[in-house]
Amino acid sequence: MSSIKDKSMQGLFLLVDRKSEKGLIRWLDRLNENNIPALVMADGATIENQPGIIKEAVSKNFDVGASYNDGALWPETHGDMLASLPEWIKVDKPGDKTHYEIQKIIMQHINEKLSPLIGKPIPVFSGKYFSYDDNTLKIADEMGIPYILARGTGKERAVFYRPLEYKSTIISVSNVPSKEMGTGSLCDESLASRKATPQDFKALLNNIDVDRVILVAQTHLSGLKDDWWDVYKEFFKSGRVKWQTLTDFVTDPKTLPNAQIPVNKQVAYMPAHTDN
């Protein structure tokens, strides 16, 4: 009888840029050295202020998408999003604009800045905490963005959905498989936010038993702290995952009416009104 460690998984490595230039550069170098393909989700501030790093990621043949990390995009967090609009986004009278209008300004601005750096429109977009709503999907269709990242709905297994009403595919990322730690992406930041240690993270990775997984790293943590990076390094060396590019990994999405697609809004470190 084969053990969990003998089973091979299909995997996508997702690097989330959290305004850490040093951490992002270190991660790009480490992934390149280990021949790990990755989807790099560049933060709007980095796209705006550090375009050279984005060009470096492209030169290393990484897929590059865009993350808006300054506010969750759910309708119930609209007020919080308005209050946290970054300086690099110019919005005239934001309080007078609808949730759709604010999101479109954000997504269009990021696309205008990122597209020239990667040589094509944004392939993937994500909001803070992998939040999205119907407006995000509508705007993605208008802009030709093929993928939207979402909070996990299949526990540690990555799941793909295609809403009947829209063209974009929703990528539901892997979750932390722990009742004690609660919902969160399978990554260093989610574990650290739940007071877990790198050794806790290592134990979780060693016990994953799914056919496809999305492993996430955030630049401000494992990009800077070697005890967290060492967990990723050991997992890479285990050979348990066949790491793939975005388009190779996301196949055969489940097609459903959008209202039937599961949505996860459980964020332990946000106000309770965002949970459902």
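Okay, let's start with helices H3 and H5, which pack at an angle of about 45°, with their axes 9 Å apart. Before I go on, keep in mind that this is a predicted model. Two packed helices are described by the angle between their axes and the distance between the axes, and that's the pair of values I just gave you. With that angle, H3 and H5 are oblique to each other. The crossing, as H3 passes H5, is right-handed.

So which residues of H3 and H5 meet? On the H3 side you have Pro 51, Ile 54, Lys 55 and Val 58, and on the H5 side they meet Leu 114, Leu 117 and Ile 118. Sort that contact by class and you get six nonpolar residues, no polar ones and one charged.

Let's stay with H3 for a moment. The helix covers residues 51–59, and its buried residues are Ile 53, Ile 54 and Ala 57. Where do they sit around the helix? Looking down the axis of H3, the buried residues fall within an arc of 100°, so they line one face of the helix. And what do they pack against? The buried residues of H3 pack against helix H1 (21–33), strand E2 (39–43), helix H2 (44–49), strand E3 (63–68) and H5.

Now follow H5 to another partner. H5 is residues 99–118, and it packs with helix H6, residues 134–143, at an angle of about 40°, with the axes 10 Å apart. That makes H5 oblique to H6. Here too the crossing is right-handed. From H5, the contact uses His 99, Tyr 100, Gln 103, Lys 104, Met 107, Gln 108 and Asn 111. From H6, you have Asn 135, Thr 136, Lys 138, Ile 139, Ala 140, Glu 142 and Met 143. By class, the contact of H5 with H6 comes out as five nonpolar, six polar and three charged residues.

Leu 73 lies in the loop between E3 and H4. Is Leu 73 buried or exposed? It's buried, with a relative accessible area of 1%. Leaving out residues up to four places away in sequence, Leu 73 touches Tyr 68, Met 81, His 99, Gln 103, Phe 125, Gly 127, Ser 131, Tyr 132, Asp 133 and Thr 136. In that list, His 99, Gln 103 and Thr 136 also belong to the contact of H5 with H6.

Most residues other than glycine have a negative phi, and most peptide bonds are trans. Lys 93 has a positive phi of about 50°, although it is not a glycine. You'll find Lys 93 in the loop between helix H4 (78–83) and H5. Lys 93 counts as exposed, at 57% relative accessibility. Phe 130 also has a positive phi, near 60°, and is a residue other than glycine. Phe 130 lies in the loop between strand E4 (124–127) and H6. How accessible is Phe 130? With a relative accessible area of 10%, Phe 130 is buried.

While we're around H4, have a look at Ala 83, which is found in that helix. Ala 83 is exposed, with a relative accessible area of 71%. The C-alpha atoms of Ala 83 and Pro 94 are eleven residues apart along the chain and separated by 9.5 Å.

Last stop, helix H8, residues 198–206. Its buried residues are Pro 198, Phe 201, Leu 204 and Leu 205. Seen down the axis of H8, they fall within an arc of 115°, so they line one face of the helix. Those buried residues pack against helix H7 (188–193), strand E8 (212–218) and helix H9 (226–238). Over in H9 there's Ser 238, which counts as partly exposed at 38% relative accessibility. Ser 238 and Asn 206 are 32 residues apart in sequence, and C-alpha to C-alpha they are 9.5 Å apart in space.

Definitions and conventions. Residues are numbered from 1 along each chain as its sequence is written. This is a predicted model: local features need pLDDT of at least 70, side-chain atom pairs count only at pLDDT 80 or more; totals for chains, interfaces and linings use all residues. Side-chain values use heavy atoms; hydrogens and water are left out. Axes are lines fitted to C-alpha atoms, for helices over the stretch in contact, and angles run from 0 to 180 degrees between N-to-C directions. Helices (H or I, at least four residues) and strands (E, at least two) are DSSP runs, numbered from the N terminus. Angles under 35 degrees count as roughly parallel, over 145 as roughly antiparallel, 65 to 115 as roughly perpendicular and the rest as oblique. A crossing is left-handed if the near helix is turned anticlockwise from the far one by less than a right angle, and right-handed if clockwise. Contact means heavy atoms within 4.5 Å. Ala, Val, Leu, Ile, Met, Phe, Trp, Tyr, Cys and Pro count as nonpolar, Asp, Glu, Lys and Arg as charged, and the others, Gly among them, as polar. Buried means under 20% relative accessible area, exposed over 50%, partly exposed in between (1.4 Å probe, protein chains only). The arc is that of the directions from the helix axis to the C-beta atoms.
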